[in-house]
Amino acid sequence: MPTAPEGKKRRTAMVIGVLLTLTAALCAGGWVLWGPDGDSASKQRTASAPLPPDAIRETVETPPRTPEGGTVAEYIHKTLKDGETAPAKGAWATEKIVAKGIANVVKGFRIGDSEKVWQLDFPGPICAVTRHVSVDGRTAVAFSGERPEKGSDGEDVTAPCDRVAVFDVDTGRKLWDKKLPGESALAMSVNVTMTRGTVLAATGQASVAYDMTSGSRLWTDTDASKCTDMGYAGGKGLIALVQCGDSAEPEFRIQKIAPRTGKSLWTYTVAEGIDGVHLASSSPPVIAVASGDMGSTHLIALSGDKGRQRGTIPLEGDRYVHGCDEVFSAEVERCTGVVVGKRQLYMATKPRDFSPETARGRVANEVVSFDLATGNTVRKFDARPGRPMFPLRMSGDKVIAYREAASAPSAAVSLDPDTGKETLLLLFGEDEAPAMDGLEPPLVVYERGRIFLATTSVTRSEGDGPNQWVMRGFESSG
């Protein structure tokens with residue numbers, strides 16, 4: 001598919017903080033990210049050269065001395081009333097703290113004894129989060145700047161999603177918050193992400209970039225007359241999903257963006273007849289396209305330098321767990337079941353029904369790798385019978401995967417795409433692991449030798465006990 005001219009230009013709002021960026025880079029010299037000392041976990045390091053503090057972290061995991069694990073963090077919510085449901089957006093982990101969002105609050109728990117060490121309250125509910133965390137432990141959320149009002153039926157009236165904030169995961173300190181430009185947006189339409197030194201938000205009406213450290217506005221675009229930035233994919237790079245034309249027959253464009261200026265570096269025009277697009281990865285760029293009511297039908301890899309189309313991967317109906325499609329969500333940076341490396345991407349096939357009588361040794365599913373240049377299948381990693389396996393993220397050139405088990409210990413493993421070898425990283429007992437109902441891949445976090453399982457919402461049905469499970473984490477006990 002041919003590329004197209006730049007979809008639209010973004011207007012800069014202030015001079016780039018060059019000195020600030022250089023200072024951050026210089027101060028990062030010699031910085032190395034280590035895991036906890038002592039016997040509780042093996043040391044972790046970053047890939048290749050040390051990253052500056054405002055880069056997005058890319059930790060490389062190493063096997064612990066023993067894989068047998070135990071609980072190191074737990075969050076039980078106790079204040080829900082009968083019939084009440086609370087959204088629980090976001091889960092982030094550092095060396096010392098695991099943080100979890102619920103309703104209008106983020107709580108930080110000390111890894112090791114689960115003690116709540118900080119709580120960050122927002123006026124209204126948290127409406128959008130990013131899974132990215134900077135090397136020095138910063139992340140971003142969008143929230144409502146006003147408390148929801150009660151309607152005539154006593155239910156909360158939806159509050160606008162009109163502010164964005166950056167906070168320190170280790171301390172819970174809010175570093176800054178800003179009002180989003182344009183008219184107040186609904187919670188479903190706001191997207192937030194981060195790339196090196198920059199926090200970005202899109203509301204469907206406006207898009208804006210802020211300096212990660214100071215909160216100063218770098219650039220903004222409020223002209224949605226012809227084309228609208230629907231959202232961004234951050235991390236190592238930055239790409240934008242742009243929608244142009246009539247909403248009944250939209251034209252979608254993918255743009256590589258210079259984070260500090262908003263300048264479009266290249267534009268890829270998606271084929272006609274596509275009704276939806278999600279951003280699976282910014283670097284290398286990978287998108288998912290959907291047609292009609294079928295949901296996402298293909299993954300398309302693009303070249304990072306010019307945005308030219310590379311390999312195309314058909315999703316084959318219900319065969320793969322890609323996580324791109326979610327009802328009632330306008331989140332753009334999705335495809336949570338797709339893990340993208342330098343040369344390949346990885347997805348799991350749907351789990352198969354299992355019972356001792358019917359399985360006869362059949363594997364539960366596979367993690368499949370695809371070549372980004374051709375779209376061809378490269379390798380399959382077979383899961384064990386009754387223990388489906390799902391990729392979580394890259395760890396250098398290897399893949400971290402979560403292996404779920406109902407009647408045996410669940411596990412985290414490392415998959416080597418070059419050799420096909422599977423290495424056990426962590427085992428945790430089935431009696432300790434919570435049921436996976438309602439969990440999604442972005443809220444299964446593996447970081448620094450630990451795995452954290454977290455809910456996306458919490459509901460107390462009538463007759464349930466007062467304790468509602470929200471998050472639990474495990475690490476090696478050796």
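**Entry 1, Arg393**

I looked up the surroundings of Arg393 and found that, leaving aside its neighbours within four places in sequence, Arg393 is in contact with Thr59, Glu61, Val339, Lys398, Val399, Ile400, Tyr446 and Glu447, where contact means heavy atoms within 4.5 Å. I note that this is a predicted model, in which local features need pLDDT of at least 70 and side-chain atom pairs count only at pLDDT 80 or more, while totals for chains, interfaces and linings use all residues. Residues are numbered from 1 along each chain as its sequence is written, and side-chain values use heavy atoms, with hydrogens and water left out.

I placed Arg393 in strand 31, which covers residues 389-395; helices (H or I, at least four residues) and strands (E, at least two) are DSSP runs, numbered from the N terminus. Arg393 has a relative accessible area of 18% and is therefore buried, with buried meaning under 20% relative accessible area, exposed over 50% and partly exposed in between (1.4 Å probe, protein chains only). I also followed the side chain of Arg393, and it reaches the backbone oxygen of Tyr446 at 2.9 Å.

I then turned to an open sheet of four strands, in the order 10-11-12-13, with antiparallel pairing; two strands pair if DSSP finds at least two bridges between them. Its edge strands are strand 10 (126-129) and strand 13 (174-179), each of which pairs on one side only. I noted that neighbouring strands of this sheet are turned by 25° against each other on average, direction ignored, the axes being lines fitted to C-alpha atoms (for helices over the stretch in contact) and angles running from 0 to 180 degrees between N-to-C directions.

Within the sheet, I looked at strand 11 (residues 138-143) and strand 12 (residues 163-168), which pair in the antiparallel sense over six bridges. Ala142 stands opposite Val164 in strand 12.

**Entry 3, the disulfides**

I searched the whole structure for disulfides and found three, taking a disulfide as a pair of cysteine sulfur atoms within 2.5 Å. With bonded cysteines counted along the chain, the disulfides of the protein chain follow the pattern 1-2, 3-4, 5-6.

Cys127 and Cys161 form a disulfide with their sulfur atoms 1.9 Å apart. Cys127 lies in strand 10 and Cys161 in the loop between strand 11 and strand 12, so this pair ties together parts that are 34 residues apart in sequence. The torsion about their S-S bond is about 75°, so the disulfide of Cys127 and Cys161 is right-handed. I checked burial for both partners: Cys127 counts as buried at 8% relative accessibility, and Cys161 counts as buried at 2%.

A disulfide also joins Cys227 to Cys244, S to S 2.1 Å. This pair links distant parts of the chain, with Cys227 in strand 18 (residues 227-233) and Cys244 in strand 19 (residues 239-244), 17 residues apart. I recorded the torsion about the S-S bond of Cys227 and Cys244 as about 110°, so this disulfide is right-handed. Cys227 counts as buried at 8% relative accessibility, and Cys244 counts as buried at 5%.

For Cys324 and Cys335, I found a disulfide with an S to S distance of 2.1 Å. Both Cys324 and Cys335 lie in the loop between strand 26 (320-321) and strand 27 (339-340), so the pair ties together parts that are 11 residues apart in sequence. The torsion about the S-S bond of Cys324 and Cys335 is about 115°, so the disulfide is right-handed. Cys324 is buried, and so is Cys335.

Key:
Polar contact = N/O pair within 3.5 Å; in protein donor to acceptor, adjacent residues only side chain to side chain.
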